[in-house]
Amino acid sequence: MSLEDIRNDRLKKLATLREWGIDPYPAVSDRTVAIGDLLTSFDTCKAVAETLTIAGRVMAIREHGGTVFADVYDGTGTIQGYLKQDTLGDEAFELFAKAIDIGDFVDITGTAVHTKRGEASVLATSWNILSKSLRSLPEKWVGITDSEERLRRRYLDILTNPKAREIVEKRSVFWNTARRFLLDKGYVEVETPVLETVPGGADAEPFVTHHNALDIDVYLRISAGELWQKKLMVAGVPKTFEIGRIFRNEGMSHEHLQDYTQLEFYESYADYLYGMKLVHDLYITLAKETFGTTAFTIDEHEVELDTEWPVYDFTTLIFDTYGIDPLKASEKEVFAFYAKANPDAKTPESRERAIDGLWKKIRKDICGPAFLTGVPVFLEP
């Protein structure tokens with residue numbers, strides 16, 4: 001069936017529900033338990049024959065004569081709705097079979113049982129429509145195969161792809177772990193302006209917009225409150241951090257977005273050695289809480305976070321790799337070495353950009369976490 005035919009068929013089913021005097025889009029669900037919680041306490045619920053109501057989206061339907069099995073998913077888990085004609089009654093059973101499609105949201109009221117095959121299920125004594133879906137879902141076993149479609153319709157990818165949903169959940173764990181880590185160490189969480197009259201704190205191309213009340217152009221920030229947090233140091237607030245959105249009007253890829261979340265923190269009366277230890281401990285905490293491990297396989301690399309991280313000196317790395325001192329080499333010398341290291345690349349617009357490019361080429365061969373020190377002042381934003 002074409003998408004238009006599917007939609008027309010579902011519109012007919014929508015009309016059928018209304019003909020039976022049923023509101024296909026009620027405002028309230030009668031749910032008494034989340035599916036995830038039910039699965040956790042399933043044996044107890046089954047033993048006491050407790051009447052309960054689950055709610056969720058129908059992800060699969062299988063019909064066998066006077067029986068319908070419907071997989072219901074509510075975001076916390078999936079369980080099988082077990083609808084029997086002799087239990088529900090002819091009318092309710094017939095309506096479910098006629099009017100319910102994959103993608104619809106339903107309530108199912110009944111008791112916890114195991115089927116003959118041992119599958120945890122809710123044996124329905126009644127059901128109710130919560131929302132009639134007019135569009136079909138992607139095939140659950142395949143999902144969205146077109147990469148651009150996946151990015152444009154992330155909600156469907158997350159619904160049908162467990163790995164995509166896992167990323168959403170782990171991201172939440174990641175940022176909340178970072179927040180608790182710093183709060184527990186006495187940092188104050190702050191929110192700093194997103195609109196700035198001068199973009200600062202990094203070297204990147206900003207987005208420009210117009211402030212009507214002041215009649216001036218302003219910029220979306222390219223750094224998460226760096227300059228503002230330094231002003232808070234001046235104001236006598238010794239330990240601050242911000243988890244905030246930043247915006248860069250530059251190239252984009254799956255690893256480089258134009259807007260993303262960044263963490264920055266500042267502390268008075270502490271040096272970079274203290275900061276290095278703090279970052280080391282933060283990463284280990286994030287890894288353990290988010291992934292349950294500190295060991296990872298990244299491409300062909302085996303990475304262990306819970307070790308002493310190496311420290312690299314910028315000038316020494318450049319000299320050992322290319323044989324030039326980035327602090328003393330002339331522009332001509334730097335361009336020559338850059339061209340040799342990157343034969344297919346365009347000549348950078350400045351000596352500083354060329355040296356930064358040499359470093360980024362070295363960076364690709366560094367495996368695992370490390371600290372970089374001694375970055376020349378002329379590379380500072």
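Student: In which sense do β7 and strand β9 pair, and over how many bridges?

Tutor: They pair in the antiparallel sense, and two bridges join β7 to strand β9, which covers residues 216-220. Before we go on, this is a predicted model, in which local features need pLDDT of at least 70 and side-chain atom pairs count only at pLDDT 80 or more, while totals for chains, interfaces and linings use all residues. Numbering starts from 1 along each chain as its sequence is written, and side-chain values use heavy atoms, with hydrogens and water left out.

Back to your sheet. Strands here are DSSP runs of E with at least two residues, helices are runs of H or I with at least four, and both are numbered from the N terminus. Two strands pair if DSSP finds at least two bridges between them. Three strands make up this open sheet, in the order β7-β9-β8, with antiparallel pairing. At its edges sit β7 (195-196) and β8 (208-211), each of which pairs on one side only.

Now for the rings. Those of Phe, Tyr and Trp (its six-membered ring) pair if their centres lie within 6.5 Å; planes under 30 degrees apart are stacked, over 60 edge-to-face, the rest tilted. That rule gives eight aromatic pairs. Take Y187 and F265: their planes stand at 80 degrees and their centres are 6.0 Å apart, so this one is edge-to-face. The pair links distant parts of the chain, 78 residues apart, with Y187 in the loop between α8 (162-184) and β6 (188-189) and F265 in strand β11 (residues 259-267). For burial, under 20% relative accessible area is buried, over 50% exposed, and in between partly exposed (1.4 Å probe, protein chains only). Y187 comes out buried, at 3%, whereas F265 is partly exposed, at 23%. Another pair, F314 with W359, is tilted, with 6.1 Å from centre to centre and 50 degrees between the planes. Here too distant parts are linked: F314 belongs to helix α11 (residues 314-322) and W359 to helix α13 (residues 351-363), 45 residues apart. Both F314 and W359 are buried.

Last stop, the charges. A salt bridge is a side-chain nitrogen of Lys or Arg within 4 Å of a carboxyl oxygen of Asp or Glu, and this structure holds 20. K13 bridges to D9, with the closest N and O atoms 3.5 Å apart. Both lie in helix α1 (residues 3-19), four residues apart, about one turn of the helix. K13 is buried at 16%, while D9 is partly exposed at 30%. D104 and K132 meet at 2.8 Å, N to O. This pair links loops 28 residues apart: D104 lies between α5 (90-99) and β4 (105-114), K132 between β5 (120-131) and α6 (147-152). D104 is buried at 0%, and K132 is buried at 2%. D9, K13, D104 and K132 are among the members of a salt-bridge network that also includes R10 and D101.
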